[in-house]
Amino acid sequence: LSKTTLVEWSERWLRTKASLKPKTLAGYESNLRAHILPAFAGHELRHVDRMAVEEWVADLEAAGLGPSGVRQARQVLNSMMKLAVEAGYLLVNPVAGVKTARQPDREMLFLSAGEVERLATAMDQPYATLVYLLAYGGLRWGEMAAVRRKRCDLLRSRIEVAESLSEAGGMLHFGPTKTYRRRMVIIPEVLRELLAEHLARNVADDPDALVFTSPGGQPLRNSNFRRQVWYEAVAAAGLPEGLRVHDLRHTCSSLLIAQGAHPKAIQVHLGHSSIMVTMDSYGHLFPSD
């Protein structure tokens, strides 16, 4: 069994991942093509030893691949070799214990309510409402892009987050949220009124109609939105150049903390998988700490 080539094993391993989200699966395939198979395709599993993996990681770093890219490539190879051990093809996993350079944490940027207002004002509707939904609803980009009319319960000031839109290989895919859970998000009155007006004017009566779309009525793509709307609005509002769309989610958390919200309530609002994720990300913002 250990004489199976790595390229043969990679094909069998990939078939076991068919149930993953399209974006995750596309990332695995990309790492195989770009980093793993060029180095190990013709190797038999038994010949991919610890030293070969250490040299491979060093070569990726020397070639200029960043810490995140090296870590992801290592994770894919590790998953393949771990399964080879569990299936009886190898006695030990040669990737286990191989270290990669640590990726520095990316600085979070938090906006004040006034800065959220400036950013929204710098955009035309309906994207101003979109900014408020991200900043006060705390939705992830993909969750916001997948919100449909039937998920908006404005009489109760709630939006149901039930699915997410992702992009993989140039194709858009609707699927479950990051944590595979649904949640109800409570929105403030000002956002409820803006959404009500937007739904009445710009969204079809079809319950499955997307609330936010491109000017042509197509699902929103993050890359197009950043290029065509975001960067210009950030500059016009006088906000930091490095501000990301995802920082509006961080902003939501910081505003909730400033208002005295309990960590558990913030976890539920943001849809974190556990309270530990919330505290690891935002625990330093709590005044008592």
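I began with Leu194, which is found in helix H8. Helices here are DSSP runs of H or I with at least four residues, strands are runs of E with at least two, and both are numbered from the N terminus. The model is predicted: local features need pLDDT of at least 70, side-chain atom pairs count only at pLDDT 80 or more, and totals for chains, interfaces and linings use all residues. Residues are numbered from 1 along each chain as its sequence is written, and side-chain values use heavy atoms, with hydrogens and water left out.

**Leu194 and Leu130**

I looked up the C-alpha separation of Leu194 and Leu130 and got 9.7 Å. The two residues are 64 residues apart along the chain. Next I listed contacts, meaning heavy atoms within 4.5 Å. Setting aside neighbours within four places in sequence, Leu194 contacts Gln125, Thr129 and Tyr132. With that exclusion, Leu130 contacts Trp141, Met144, Phe212, Leu220 and Phe225.

**Nonpolar cores**

I then searched for nonpolar cores: sets of buried Ala, Val, Leu, Ile, Met, Phe, Trp, Tyr and Cys residues joined through side-chain atoms within 4.5 Å. Buried means under 20% relative accessible area, exposed over 50%, and partly exposed in between, with a 1.4 Å probe and protein chains only. The largest core holds 45 residues. Leu119, Met123, Leu130, Met144, Phe225 and Trp230 touch the most other members. Two or more residues come from each of helix H5 (113-121), helix H6 (127-137), H7, S2, helix H8 (189-202) and helix H9 (222-236). H6 gives the most, with 8 residues.

I traced an open sheet of 3 strands in the order S1-S2-S5, with antiparallel pairing. S1 and S5 are at the edges with a single partner strand each, so one side of each has no neighbour in the sheet. Pairing requires at least two DSSP bridges between two strands. S1 (residues 152-153) and S2 (residues 158-161) are joined by 2 bridges. Cys152 stands opposite Ile159 in S2. The hairpin of S1 and S2 has 4 residues between the strands, and Ser157 takes a positive phi near 55°. S2 is joined to S5 (residues 183-186) by 4 bridges. Here Glu160 stands opposite Met184.

**Arg151**

I found Arg151 in the loop between helix H7 (141-145) and S1. Is Arg151 buried or exposed? Arg151 is buried, at a relative accessible area of 15%. Not counting residues up to four places away in sequence, Arg151 touches Arg158, Ile159, Glu160, Ala162, Glu163 and Arg182.

**Cavity**

I ran the cavity search on a 1 Å grid over the protein atoms alone; a cavity is a set of points where a 1.4 Å probe fits but cannot get out, and lining residues have an atom within 4 Å of a point. The count is 1 cavity of 30 Å³ or more. Grid points are joined across faces, edges and corners, and the volume is the space filled by probe spheres set on the points. The largest cavity contains about 30 Å³ of space. Its lining includes Arg151, Glu160 and Val161. I sorted the lining into 4 nonpolar, no polar and 4 charged residues. Ala, Val, Leu, Ile, Met, Phe, Trp, Tyr, Cys and Pro count as nonpolar, Asp, Glu, Lys and Arg as charged, and the others, Gly among them, as polar.

Conventions:
1 Å grid on protein atoms, 1.4 Å probe; cavity = no way out; pocket = protein on both sides within 12 Å on 5 of 7 lines; lining within 4 Å.
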